[in-house]
Amino acid sequence: MTLNKDNSMIKSYDISKEKLENLKRQKSAIQLRKRRIRTGLRLALNILVVLIILLPLLYAVSIAFMPTGELFTTELNLFPKNPTFSNFTDALNNIPLVRFILNSFLVAGCITIGQIITCSLAAFAFSFLNFKAKNVLFMIVMATMMIPGEATIISNYLTVAKMGILDTYAVLIMPSLTSAMGIFLFRQFYMTFPKSLYESAKLDGCTNLRFIVSILMPLTKSAIGAMGVYTFINAWNMYMWPLLVTGSDKMRTVQVGLSMLNSLDSQSIPLTIAGVVMVILPSILIFILGQKQLIKGMFSGAVKG
Amino acid sequence: MEKKAFPYCYLIPSFLVFCVFLFYPFFKTVYLSLYKTNNMGEAKIFVGLGNYIDLLTSSSFQNSLKVTIIFVVIVVFASMFLGLVTAVLCNKNFPAIRFFSTAYAMPMAIASSSAAMIFNIMLNPSVGIVNKLLNLNVNWLNDTNTALFCVAFLTAWLNSGINFLYFSAGLGNIDETIYERASIDGASSVQQFFFLTLPNLSPILFYTLVVNIIQAFQSFGQIKILTEGGPTESTNVIVYSIYRDAFFNYKFGDAAAQSIILFIIIMIVTLIMFKIEKKGVKY
């Protein structure tokens, strides 16, 4: 019955089929043009905004390639006329930049690895094990996020000064070896992990530690990636703590080491900026490579509400 | 017995670090804030709330508070605005969207100190690009009227990257069909933005607001490098004032009291925000 009815309906519209097609084509042409204009507008707006956002970085790159003479003019000098690498080589020769970069890589690397270990262990306990005061302890961890670094930095400085470990790698690394955010992030991931997998692993005689290392961590790689990228960038960019606890060029990290040069004479501006560009590069590279992981990890349920 | 102690073993590494570098120093800071200290930071004379009273009545600290509030308001407003605009621009698909979204998020990878060094050149009165582009002759960082604004703008730029990510995630969560229905009903895109996008974005807007306020209060590197609190204390935000009092004037007790005041301010702001959230934010 219904089929017949449908057929008859189609037939009754048959007459205007050609007209309809024409109308449709016209309409879609208009829409296509509209959409194209919109996309074009969007692209143009984006190009404008991206130029504003990236201006500081582009300008820094441009100055880094500029011969000193070209910088000190009253003319508008957006691009170097005779680009040169000499600022970079000068920077490498005059500043212990390689040492700074190695220090930063070492410190940021240790902090990242350390945080991944401590945070995943704690998060494992909070999501797979049952013990007394579990919720209270977790609340305490969360509450630490409220304490700003400045509320502890003076006492921390006094502590490490008394311990006599100023100006060492240990003092740069130790205070950052765990983070509430990391524990929270990992726990968030572990909560969605099938409990049955843990139980069957236990039945097979797998120890907790082995379960973490060979099952849990490989299966939550994206969380580790997100956390790793975030931690590394933050550690690479650390400023206040290294400023307080390092006293010699041997131990300075990139951010502190470079900013010490900032007060030098204006002739060294291009050299300093060349240094800045070299120092920004690793964090930008890691950001670009890890961006996908970072976004996936940061926003998988953690931010929804 | 062994089994009962077992779970706590996994917490030991984290809690060891928390105890030594967070809980202990936090309580020590509270303790120090109640004392006058010597040059070595040892508590010498108990003064009770004396340090706090001295601070709250000193014109220098009142100035710091005022400067901090202005700074935080500018930073939060500007960085959220930048984040929102860029996120809306990248909301629909278009050619090279991946390049643009990477670029908008990029500032989050940049250190405050590196950025400060770049801005230092950009704002240089004679060779800087800002004066050249705007055809002005302003000594941005040495003028009490502009210095705070410059430092705040730099901070807003730095924070805009992560705001872009937050807002993009928020926009991605909005159901597309409500826009379709709205445009059938004849709503313009401006109306759609204010009556659909913003209300639907409110949970993430709120979260971002809290994070931004907390972050803005703690800005340090850019101020240390660009202005060192000057000119005439016009950029002397609380964090910089703490740094100067502790590590230049060796007034650790005073600095500790300022740290605690900062902690209390951040806590109150956070609590108020969550109170408002319960009433106002639509989920």
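Predicted model: local features only at pLDDT ≥ 70, side-chain atom pairs only at ≥ 80, totals over all residues.
Figure 1. Although D167(A) is not a glycine, the backbone here has a positive phi of about 60°.

**Figure 2. The loop of chain B that holds T232(B).** This loop runs between helix 10 (221-226) and helix 11 (238-247) of chain B, and T232(B) within the loop has a phi near 40°, which is a positive value in a residue other than glycine. T232(B) counts as exposed, because it has 10 C-beta neighbours inside 10 Å and the limit for exposed residues is 12 or fewer.

**Figure 3. The helices and overall dimensions of chain A.** Chain A is built with 15 helices and zero strands. Its radius of gyration is 29 Å, well over the 19 Å that the globule rule gives for 305 residues, and the chain is therefore more spread out than a compact globule. Taken along the principal axes, the box filled by the C-alpha atoms of chain A is roughly 95 × 75 × 35 Å.

**Figure 4. Burial and contacts in chain A.** Of the 305 residues in chain A, 40% are buried. Among the contacts in chain A with a separation of 6 or more, 76% come from residues 24 or more positions apart.

How values were computed. Residues numbered from 1 in each chain as written. Chains lettered and ligands numbered in written order. Helix = DSSP H or I, 4+ residues; strand = E, 2+ residues; numbered from the N terminus. Rg over C-alpha atoms; globule rule 2.2 N^0.38 Å. Buried ≥ 20, exposed ≤ 12 C-beta atoms within 10 Å, placed from the backbone. Contact = placed C-beta atoms within 7 Å.
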